[in-house]
Amino acid sequence: MRRRNLKLISAESILVSALIFNACNHQERAFATGVGVGVIAASVYSYPHYYGHPYYYFDGRYYYGGYYRDGFYYYKGQRFRNGHYYHRGYRYHHGHRYRARVGHYGYYQNRKQYDNRHRYR
């Protein structure tokens with residue numbers, strides 16, 4: 001996992017460097033640096049961003065990507081334990097599987113439910 005991330009980061013840095021130092025104007029430079037930063041941090045959100053995809057909810061953040069195994073969630077070289085992993089209508093927490101309930105532990109099936117989250121408490 002770390003080797004893959006290292007390859008992606010080095011490829012992004014080469015691309016950004018090539019775009020910055022090859023007579024780009026100011027707008028192109030800003031775009032190139034933004035692309036490099038956006039690709040690295042694009043998988044963590046403060047609200048559910050993708051519905052119908054597996055994600056991990058921990059400390060008010062939604063993590064997309066990574067994988068869940070043996071009660072732990074692995075994401076970009078880090079190991080999480082106390083959050084909730086959601087996949088196909090089930091919630092996984094500390095290695096146990098539960099039916100996911102809308103409005104509990106960061107689970108919402110669509111944007112409308114998230115916007116009306118105060119009704120589910």
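## Lots of rings

Count up the ring pairs here and you get 26 aromatic pairs, where Phe, Tyr and Trp rings (Trp by its six-membered ring) pair if their centres lie within 6.5 Å. Planes under 30 degrees apart count as stacked, over 60 as edge-to-face and the rest as tilted. This is a predicted model, so local features need pLDDT of at least 70 and side-chain atom pairs count only at pLDDT 80 or more, while totals for chains, interfaces and linings use all residues. Residues are numbered from 1 along each chain as its sequence is written, and side-chain values use heavy atoms, with hydrogens and water left out.

Take two examples. Tyr-45 and Tyr-47 make a tilted pair, 6.4 Å centre to centre with 50° between the planes. Tyr-108 and Tyr-114 go edge-to-face instead, at 5.4 Å and 80°. Ring pairs also link up into a cluster, with Tyr-45, Tyr-47, Tyr-50, Tyr-55, Tyr-57 and Tyr-62 among its members.

## What's tucked inside

Buried means under 20% relative accessible area, exposed means over 50%, and partly exposed lies in between (1.4 Å probe, protein chains only). Tyr-108 is buried because its relative accessible area is 5%, and Tyr-114 is buried at 13%. Tyr-45 is buried as well, at 16%, whereas Tyr-47 is partly exposed at 29%.

A nonpolar core is a set of buried Ala, Val, Leu, Ile, Met, Phe, Trp, Tyr and Cys residues joined through side-chain atoms within 4.5 Å. The largest one has nine residues, including Tyr-45, Tyr-86, Ala-100, Tyr-108 and Tyr-114. There's also a second, separate core of seven residues, with Tyr-56, Tyr-73, Phe-80 and Tyr-85 among them. Back in the largest core, Tyr-108 has contacts (heavy atoms within 4.5 Å) that include Pro-48, Val-102, Gln-113, Arg-117 and Arg-121, leaving aside residues up to four places away in sequence.

## Strands and a hairpin

Strands here are DSSP runs of E, at least two residues, numbered from the N terminus; two of them pair if DSSP finds at least two bridges between them. Strand S1 (residues 44-45) runs antiparallel to strand S3 (residues 61-64) over two bridges, with Val-44 partnered by Tyr-63 in S3. S3 also pairs with strand S2 (residues 55-58), again antiparallel, over four bridges, and Phe-58 stands opposite Arg-61. The hairpin of S2 and S3 has two residues between the strands, and Asp-59 takes a positive phi near 55° there.

Further along sits an open sheet of three strands, in the order S4-S5-S6, with antiparallel pairing. Its edges are S4 (67-69) and S6 (78-80), each pairing on one side only. Neighbouring strands are turned by 30° against each other on average, direction ignored, going by lines fitted to C-alpha atoms, with angles from 0 to 180 degrees between N-to-C directions. S5 (residues 72-75) and S6 share three bridges, and Tyr-75 faces Gln-78.

## A histidine to look at

Is His-93 buried or exposed? His-93 counts as buried, because its relative accessibility is 17%. You'll find His-93 in strand S8 (residues 90-93).

The side chain of His-93 reaches the backbone oxygen of Gly-83 at 2.8 Å, and a polar contact of 3.3 Å joins the side chains of His-93 and His-94. A polar contact is a pair of N or O atoms within 3.5 Å; within protein, one must be able to donate a hydrogen and the other to accept it, and residues adjacent in sequence count only if both atoms are side-chain atoms. His-93 also touches Tyr-68, Asn-82, Gly-83, His-84 and Tyr-98, not counting residues up to four places away in sequence.
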